[in-house]
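Thanks for asking me to look this one over. Here are my notes, as numbered points, to read beside the model.

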Amino acid sequence: MTGKAPLGARIVLRDKLDWEELTAEQVTAMSEKVNRLRASRAVRIITGLPDRRARITQHTLALPGRSITLRVHRPRDAAPGLPLVLSFHGGGFIVGTAAQNDWLNSHLAARCPAVVVSVEYRLAPRHPLPAPVDDGYDTLLRILDDPARWGVEPTAVAVLGESAGGTIAALVALRARKDGPPLRAQVLTYPGTDWSETMEDYPSITANGGNPGMSAAEWRTAKRMSLPATLDPDSVSPIKFDNLAGLPPTLVVVGDLDAALDQGRAYVERLRSDGTDARLARYPKAIHGFLSMPGLVPAARPARREILAFLRDHLHATTSS
């Protein structure tokens, strides 16, 4: 947990916001502005160009009491019955958009191959937890209700999430363990696994909390805006679950300069102790959010290759057996 972030990241991601003083109204306004930028073509110098071998389309999905947008990545020469990867972007539950992960998701779709569906889940503070988790799980069920429409194989499903999206993916996997459908893999990139009172007890929060990507103040603001007082924080903290047995094989990707490093590492240790197959992949000179900013952090490319290999191994072994 030593060393400096890549120079480009330090310059571009200089943060002047006073996160601790932001109101709910200011967070909502900031989120709308940031998400317009992240979804624009201009920012692809940072977020990366989509893989041209994948086609990206948007769909509106009707769920009970609300509609959400899905960003679907599919190989241009897609055959029917591909694996499904359900993807969740990062942003502390208060910011972020599916388009920020086009570089990763389109590559996985084209190269795995798979249908990668990125969920534009509802954001806090307007929609606090567990709303985004409900969006993720309900989307999974709705897609698998009609797999032919989506061109997916319902027995070859994985979840993928970065940062707060990693929290969502992990919680969807825990819900699916109990209520179905069975999952074949989960990939959690620098996930937030502890939103309880012990959130800041991990050494990397202090050691790396001043690095670009996600500061300690941003972590606290994310929690303040997304966890209502009536919600038990343990219920949205995967590491606090009593039993982590029976979950699908797991890859957790972290950066050595990331405040979330030790939360990811501790989650892998818990998974292993409960008998779940779990692997930790650490990348030097990698900050929080690095897989959505390949233009600033070179480690994004080898990490993407590792994720691709992991998903291929677990998804296509299933469909060909």
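1. A word on terms before the details: buried means under 20% relative accessible area, exposed means over 50%, and partly exposed lies in between (1.4 Å probe, protein chains only). Please keep in mind that this is a predicted model, in which local features need pLDDT of at least 70 and side-chain atom pairs count only at pLDDT 80 or more, while totals for chains, interfaces and linings use all residues. Residues are numbered from 1 along each chain as its sequence is written, and side-chain values use heavy atoms, with hydrogens and water left out.

2. Let me start with the sheet. Helices (H or I, at least four residues) and strands (E, at least two) are DSSP runs, numbered from the N terminus, and two strands pair if DSSP finds at least two bridges between them. Eight strands make an open sheet with mixed pairing, ordered β1-β2-β4-β3-β5-β6-β7-β8. Because β1 (54–63) and β8 (278–283) are the edge strands, each with a single partner, one side of each has no neighbour in the sheet. On average, neighbouring strands are turned by 20° against each other, direction ignored.

3. One pairing is worth a look in your viewer. Strands β5 (residues 152–162) and β6 (residues 185–189) run in the parallel sense and share five bridges. Within this pairing, L160 has V187 in β6 as its bridge partner.

4. For the angles, axes are lines fitted to C-alpha atoms, for helices over the stretch in contact, and values run from 0 to 180 degrees between N-to-C directions. Helix α5 lies across β1, β2, β3 (82–88), β4 (115–120) and β5, at about 165° to β3. Helix α7 (residues 164–179) also packs on the sheet; α7 touches β3, β5 and β6, and its direction makes about 140° with that of β5.

5. Which residues have the most contacts inside the largest nonpolar core? A nonpolar core here is a set of buried Ala, Val, Leu, Ile, Met, Phe, Trp, Tyr and Cys residues joined through side-chain atoms within 4.5 Å. The largest has 96 residues, and those with the most contacts inside it are L70, I143, V253, Y267, F290, L291 and L311. Helix α7 gives the most to this core, with nine residues. Leaving aside residues up to four places away in sequence, L291 touches W103, L104, T189, Y190, V253, A300, A303, R304 and I307. A second, separate core of nine residues includes L22, I94, A124 and A217.

6. Now the charged pairs. With a salt bridge defined as a side-chain nitrogen of Lys or Arg within 4 Å of a carboxyl oxygen of Asp or Glu, the count is 15. In one of them, E20 pairs with R220, and their closest N and O atoms are 2.6 Å apart. This pair links distant parts of the chain, 200 residues apart: E20 sits in the loop between α1 (7–12) and α2 (24–38), and R220 in helix α9 (residues 216–226). E20 is partly exposed at 34% relative accessibility, and R220 is partly exposed at 30%.

7. D138 and R66 meet at 2.9 Å, N to O; D138 belongs to helix α5 (residues 131–145) and R66 to strand β2 (residues 66–75). D138 is partly exposed at 22%, whereas R66 is buried at 15%. R71 and D102 meet at 2.7 Å, N to O, and both are buried. Through shared partners, salt bridges join R66, R122, D135 and D138 into one network.

Conventions: Contact = heavy atoms within 4.5 Å.
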